[in-house]
Every structure is written in C-alpha cells, then in structure tokens.
Amino acid sequence: MIPRTSARGQRESWRQSLRQAITHPAELLAALDLPPGLLGEGAALAAGPFGQGGFPLRVPRGFVARMRKGDPTDPLLLQVLPRAVEMEPVPGFGSDPLAEMAAAPIPGLLHKYHGRALLVVTGVCAVHCRYCFRRHFPYEEQHAGARPGSPRFEAALRYLRNDPTIEEVLLSGGDPLSLPDEQLAELVAVLEEIPHLRRLRIHTRTAVVLPERVDSALLGWLGGTRLRTVVVLHVNHAREVDPALGPEVVEACARLAGAGATLLNQSVLLRGVNDSVEALAELSDRLFAAGVLPYYLHLLDRVAGAAHFEVEEDEARRLMRQLVARLPGYLVPKLVREVPGAPGKVGLPG
Ligand SMILES: *Cc1c(COP(=O)(O)O)cnc(C)c1O
Ligand code: SF4
C-alpha cells in the first residue's frame, strides 16, 4: 500500500490544485456570491488572450476561500479580477516598463545588479495578478528554460560560470515553483557546482496562493543544497497569511524555514488593496507572526492595464512615515521603485 503522504501523492495534490484553479470570471463571482453584472463589457477583453492587452484570469481556489463573500472591494479579489478599466490606455503606462528586454544579455537571464543574476525559469504562474509588470512579457521567447541541456539554459549557465562576481542566483519567472521538483532539483544541482555561487534566492507567490506546493519534494532540494537559500514571498495583504482564515500558508512558511530558508516578503503598494497605514501595519504583523520579515514595498511598475492600482509617490512616502511611527524598524519594508539603468532598486526616503 502506498502511504498517503508519499512524495508522489503530495505532488499530485498541488498539481491537482493548480489544474482546478478558477479561470472563468463568472465562476469566480459566483463563488463569492457576487452578481455577474459586476464584470461589465470590457472585462471580457481584459480577461482575453495575451498579446491583445489581455491577461487571462487564474486564481487557485484556496486563495478564493480567503476572500470575503459578497464584497466587490475585497483586497484579494481586486488583485485577480479582470476589469474593464484595464483596457483604457493611460499615458506613461507601457508594455515593458522596466526595459527588461534591453537588459537581458541572453534570453532569460537578467544581470542588472552587482553580484546577482536573475534567471527567468518559466512564464507560468499559479495566479495571475492584474498589476503584474510582466503581464505583457513574451515569456515564451524570454525564459531560459530551466532544463539543463537546453541550449538557452546552457548559454545562461556559461554566463554564470564565466562571471566570478556573481554570488547569488535568483530564480524568478513567472513563478519558479510552477516547475516540477525534478526539474528544480536538477537545476539547483547544476548551479551549486559553480564555485563562486553562494546564495540561491527564490521569488515566489505560489507558496502563498497554493501553499500545498511546499511539499516534501520541494523541501528536499531546498534543504539539501550547499547554497544559502532565501525565499522571497510575495504577499500584499494580511488576509493572505491570516491563520484565522486557515493555517495552510503559515504552515508552509514554517516548512520553508525548517528547510533552512531565510524568509522575506515583497509587496506592491496597490490602491484599494493595501494603501493605508492600517493595512500595511497589519501585513507586517501577520508576516512576522509567520516568521517572514518585510523586505520591499514596491511602487507599482507603470505597466499598461494597471494604472488604476497606482499610488502616487508622495502618498507612498506619507504612508511610510506613518508606518515608521507605528512599527519597530525591522517590520518596516523599504519603499522602492525600479528605475531602468539604476545599479539597484531605488529606495525612496520617507
Ligand atoms: C530586484 C532584482 C534583483 C534583486 O535585487 P535585490 O535588491 O537584491 O533584492 C536582481 N536582479 C534583478 C533583475 C532584479 O529585478
Ligand atoms: S505571481 Fe508574480 S509574476 Fe506571476 S502574475 Fe503574479 S505578480 Fe506576476
């Protein structure tokens, strides 16, 4: 008899949750007891295919279960629900706000900052966030392909091997945890053979929206590498990690920490979602209770379709001053903005 907790059983479990994610806006509204009329006409276009300004809906059911029923302004719902307003062009909001295409020395590898190189290992995410700066990113052409042996991956690897100043590799995407563990384990095994690499960083929202992804197979490769590991979660609102709504996310964090990972969080400052000192303070508080330190609070990247989420810089600074007055320093994230050509994320003093 195969025990229910076997690695295979667990793997099936997260893949199944991923397959069962909600992809139809009407189904999402129905699950939340909201009227279908809420969508309006342009919402269908917003949820339409890539390339025409659209970005399909995708949200795991466990994340939907954390939303308040009957509340069209729920902060988790606003992050995933396609809306007509996304299709209105706004000056200054383009399709590649970070000029990432220009920064990539080889497809799928971004080396913008000293000592750190970022590998785009997949274009797939467990959730589609409406504010995502990569919502128009041509993933298929750009990601390195995480499969050792593939020409793109080998080119990325050569680049990493040949630059001894690179001490840290960031796995990003998409979401690196969309990949199967066999592939991630193989990838890490190849990376840790590069002697000058010391740290491995994983940027993920999957661990939050699909906490069952943090299973024993994942913990095997994460906990087994000689590299120091950092997991940067992506949580925008306290409800995403609130144990009162279910222990799953906090437990996933504990498993990651148990495998030796340092846990940090980055958020995006989003109008209507977390743009109040109360929301930001509660987020830091909940994160810390889960063993996660706030790292960055990003100003929105000015990507087409996300203008309605923007919080003005002056207002952001004002919020940060209030946050500093309220929280211990270690619970205050650094307010940053990405500026093309800058040597690192640009901090914005309160
Ligand atoms: C954000 C980012 C990093 C990491 O920057 P940190 O300040 O170390 O978190 C590295 N490479 C790229 C391309 C990035 O966008
Ligand atoms: S998980 Fe990250 S990369 Fe994926 S859609 Fe959301 S913000 Fe974008």
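On a 1 Å grid over the protein atoms alone, a cavity is a set of points where a 1.4 Å probe fits but cannot get out, while a pocket is an open set with protein on both sides within 12 Å along at least five of seven lines; lining residues have an atom within 4 Å of a point. Grid points are joined across faces, edges and corners, and a volume is the space filled by probe spheres set on the points.

This is a predicted model, in which local features need pLDDT of at least 70 and side-chain atom pairs count only at pLDDT 80 or more, whereas totals for chains, interfaces and linings use all residues. Residues are numbered from 1 along each chain as its sequence is written, chains are lettered from A and ligands numbered from 1 in the order in which they are written, and side-chain values use heavy atoms, with hydrogens and water left out.

**The second largest cavity**

Please select Leu177, Ile202, Leu218, Trp221, Leu222, Val231 and Leu256, which line the second largest cavity. The space within this cavity is about 30 Å³. Helix H11 (residues 216-224) gives the largest share of the lining, three residues. Helices (H or I, at least four residues) and strands (E, at least two) are DSSP runs, numbered from the N terminus. The lining comprises seven nonpolar residues, no polar and no charged. Here Ala, Val, Leu, Ile, Met, Phe, Trp, Tyr, Cys and Pro count as nonpolar, Asp, Glu, Lys and Arg as charged, and the others, Gly among them, as polar.

**The largest cavity**

The count of cavities of 30 Å³ or more comes to two. For the largest cavity, which holds about 60 Å³ of space, select its lining, including Asn265, Ser267, Leu280, Tyr296 and Pro333. S6, H13 and S7 each supply at least two of the lining residues. Nine residues of this lining are nonpolar, three are polar and none is charged.

**The sheet**

Next, display the strands. Nine of them form an open sheet with mixed pairing, in the order S1-S2-S3-S4-S5-S6-S7-S8-S9; two strands pair if DSSP finds at least two bridges between them. Strand S1 (109-113) and strand S9 (346-347) stand at the edges with a single partner strand each, so one side of each is left without a neighbour in the sheet. Strand S6 (residues 262-268) and strand S7 (residues 293-298) run parallel and are joined by five bridges. Which residue of S7 is the bridge partner of glutamine 266? Tyrosine 296 is that partner.

**The largest pocket**

The pocket contains about 870 Å³ of space. Elements that give two or more residues to its lining include strand S2 (116-120), strand S3 (168-172) and strand S4 (199-204). The lining divides into 20 nonpolar, twelve polar and ten charged residues.

**Two helix pairs**

Select helix H13 (residues 277-289) and helix H14 (residues 313-326), whose axes come within 9 Å and cross at roughly 50°. Axes are lines fitted to C-alpha atoms, for helices over the stretch in contact, and angles run from 0 to 180 degrees between N-to-C directions. H13 and H14 are therefore oblique to each other.

Then select helix H8 (residues 151-161) and helix H9 (residues 181-191), whose axes come within 11 Å and cross at roughly 30°. H8 and H9 are therefore roughly parallel to each other. Angles under 35 degrees count as roughly parallel, over 145 as roughly antiparallel, 65 to 115 as roughly perpendicular and the rest as oblique.

**Two backbone details**

Most residues other than glycine have a negative phi, and most peptide bonds are trans. Glycine 173 and glycine 174 are joined by a cis peptide bond with omega about 15°; glycine 174 is found in the loop between S3 and H9. Finally, select aspartate 33, which has a positive phi of about 60° although it is not a glycine. Aspartate 33 lies in the loop between helix H2 (25-31) and helix H3 (42-46).
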